[in-house]
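Q: Hi! I have a structure open and would like to talk it through. Can we start with the aromatic rings?

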Amino acid sequence: MTSVKEQVAISRLLSFLQDWDNAGRVTRSHILDSFIETNQGRTAPELEQEFSQGASLFLVRLTTWLRLTYMIGSCLDKILRSIGIFLSAVSSNRYLVEFLEVGGVLTLLEILGLEKIKEEDKKESIKLLQVIANSGRKYKELICESYGIRSIAEFLAKSKSEETQEEVQVLLDSLVHGNPKYQNQVYKGLIALLPCASPKAQQLSLQTLRTAQSIIRTTHPSIVDHVLQLLRTMHLEVQYEAIALIKDLVDYDVCPELLKGLVELLIPSFKETSKLQPKILSESSVLQLTAPLPVFLQQAAAAKAIGVLARSNTSLAEEMLHLRVVHSLMTAMGNTDHSNSQRQASLTLEVSERLGAARRAPGVGTAVTSTAAAVLRTDVPGGGGPRAQVHGGGTLPALPPGFLSLPSSEQCRGLVHENEQHSGGHLGGQQSQCCQSIIPG
């Protein structure tokens with residue numbers, strides 16, 4: 001037999017539930033405001049005490065209203081926040097199971113794909129998915145089994161709010177940890193995000209990919225092409241993360257392909273460079289300022305990445321020597337259409353002790369000298385003339401018009417002087433002889 005106090009509590013609960021059932025949208029909105037303000041941060045036992053051991057009766061009403069109204073967005077943020085109070089409460093496993101049994105995960109994922117739903121409402125949905133994923137491995141698997149990776153990744157690519165995108169990153173990071181059955185699916189989803197149009201999504205995907213890569217310890221064949229394509233970006237934060245991922249990837253089986261790709265990016269094809277628009281159009285006397293071609297941005301970023309790798313690992317520098325990286329860097333230095341390509345290539349060439357390696361790699365000094373002779377040729381103004389003769393015989397292919405510049409005598413002597421300092425005079429001496437035969441005085 002219940003006590004008078006218990007009867008009063010039960011009567012109060014029934015009255016509250018009856019008010020909810022009979023209320024309209026506006027009244028329910030006020031009820032939710034009061035509930036959120038009063039119960040934020042409470043534990044499951046405290047919620048049960050507040051609702052006279054009948055908190056689940058209110059939760060089932062919230063989930064029912066959510067499923068009936070989520071497509072039109074009526075009080076959606078307040079409903080999701082109220083459900084979040086139940087799911088995030090300490091010792092709330094019972095509430096979590098009740099929510100999942102009525103298809104809660106599928107509802108949350110579907111909210112992410114609805115165009116008419118506000119960004120703030122979708123953010124609340126992501127937060128609930130975070131709570132579910134953090135509850136254990138079986139809940140992470142449930143999200144993935146519900147095609148959650150695809151829905152979450154598509155939302156990250158389309159979201160316009162950086163704050164919301166950061167919440168999505170937290171969710172993806174949670175799904176890649178402690179989820180061996182589906183961690184490869186998360187990894188592939190992150191790679192698929194790299195070509196998206198959102199720079200913030202690219203940046204966050206790259207950051208999470210580094211974590212996923214360290215967990216999975218194997219690489220996907222497409223990751224090299226996707227990462228190298230990101231070097232075309234105008235957003236420095238994306239370029240920074242791409243180069244950081246490249247530093248990680250050289251420890252895996254894709255290292256040879258990655259190094260070869262970086263070196264090849266230093267010499268863009270004629271087809272790509274021919275797209276450069278003239279700076280002064282004939283029908284106008286006004287100087288036309290044009291943005292740099294993506295291929296030139298990629299060239300400069302590749303030179304920067306090569307410098308980072310060479311400074312961090314001598315063996316990588318020696319591997320790139322066999323790919324004729326010095327020749328390619330000297331070519332990039334002659335790109336008069338993009339000053340950053342010249343700057344990054346020259347900075348990388350300063351690492352002559354690793355990239356030159358004249359004392360440890362026989363014949364490299366001759367290769368550097370030959371390349372310098374080709375780049376500093378004077379008989380091909382603008383770089384578009386006949387093939388250049390290489391010191392020691394052979395030719396280099398003609399490059400696109402305007403692609404190579406002619407450095408001044410002072411610049412050449414400066415480069416020789418730097419090489420002499422780095423290589424102990426052996427490499428610089430050969431270059432001096434070559435340059436003196438080309439540059440008067």
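This is a predicted model: local features need pLDDT of at least 70, side-chain atom pairs count only at pLDDT 80 or more; totals for chains, interfaces and linings use all residues.

Q: Nice. How are the rings of F35 and F86 arranged?
A: They are stacked, with 5.6 Å from centre to centre and 15° between the planes.

Q: Which helices do F35 and F86 lie in?
A: F35 belongs to helix α2 (residues 25-39) and F86 to helix α5 (residues 76-87), so their pair ties together parts that are 51 residues apart in sequence.

Q: Is F35 buried or exposed? And what about F86, buried or exposed?
A: F35 has 4% relative accessibility, so it counts as buried. F86 counts as buried too, because its relative accessibility is 0%.

Q: How is the pair of F58 and F86 arranged?
A: That one is tilted: the centres are 6.4 Å apart and the planes make an angle of 55°. The pair links distant parts of the chain, with F58 in helix α4 (residues 55-69) and F86 in helix α5, 28 residues apart. F58 is buried, as is F86.

Q: Which residues do ring pairs link into a cluster?
A: The cluster is made up of F16, W20, F35, F51, F58, W65, F86 and Y95. One of these, W65, has R28 lying over its face, at 5.2 Å from the ring centre.

Q: Okay, new topic: helix α11. How many residues does α11 have?
A: Helix α11 covers residues 162-176, which is 15 residues. From its first C-alpha to its last, α11 reaches 21 Å, close to the 21 Å expected at 1.5 Å a residue.

Q: Which residues of α11 are buried?
A: They are T164, Q165, E167, V168, Q169, L171, L172, S174, L175 and V176.

Q: And what covers the buried residues of α11?
A: The cover includes several other helices: α8 (119-133), α9 (137-145), α10 (148-158), α12 (183-193) and α13 (199-216).

Q: Let's zoom out. How many helices and strands does the chain have?
A: There are 25 helices and 2 strands. The chain has 441 residues, and 49% of them count as buried.

Q: What about contacts between residues with a separation of 6 or more?
A: Of those contacts in the chain, 70% come from residues 24 or more positions apart.

Q: Last one: what is the accessible surface of the chain?
A: About 21700 Å², and 52% of that belongs to carbon and sulfur atoms.

Technical notes. Residues are numbered from 1 along each chain as its sequence is written. Side-chain values use heavy atoms; hydrogens and water are left out. Helices (H or I, at least four residues) and strands (E, at least two) are DSSP runs, numbered from the N terminus. The expected span of a helix is 1.5 Å times one less than its number of residues. Buried means under 20% relative accessible area, exposed over 50%, partly exposed in between (1.4 Å probe, protein chains only). Contact means heavy atoms within 4.5 Å. Accessible areas come from the Shrake-Rupley method with a 1.4 Å probe; for residues, only the protein chains shown count as cover. Rings of Phe, Tyr and Trp (its six-membered ring) pair if their centres lie within 6.5 Å; planes under 30 degrees apart count as stacked, over 60 as edge-to-face and the rest as tilted. A charge sits over a ring if NZ of Lys or CZ of Arg is within 6 Å of the ring centre and within 35 degrees of the ring normal.
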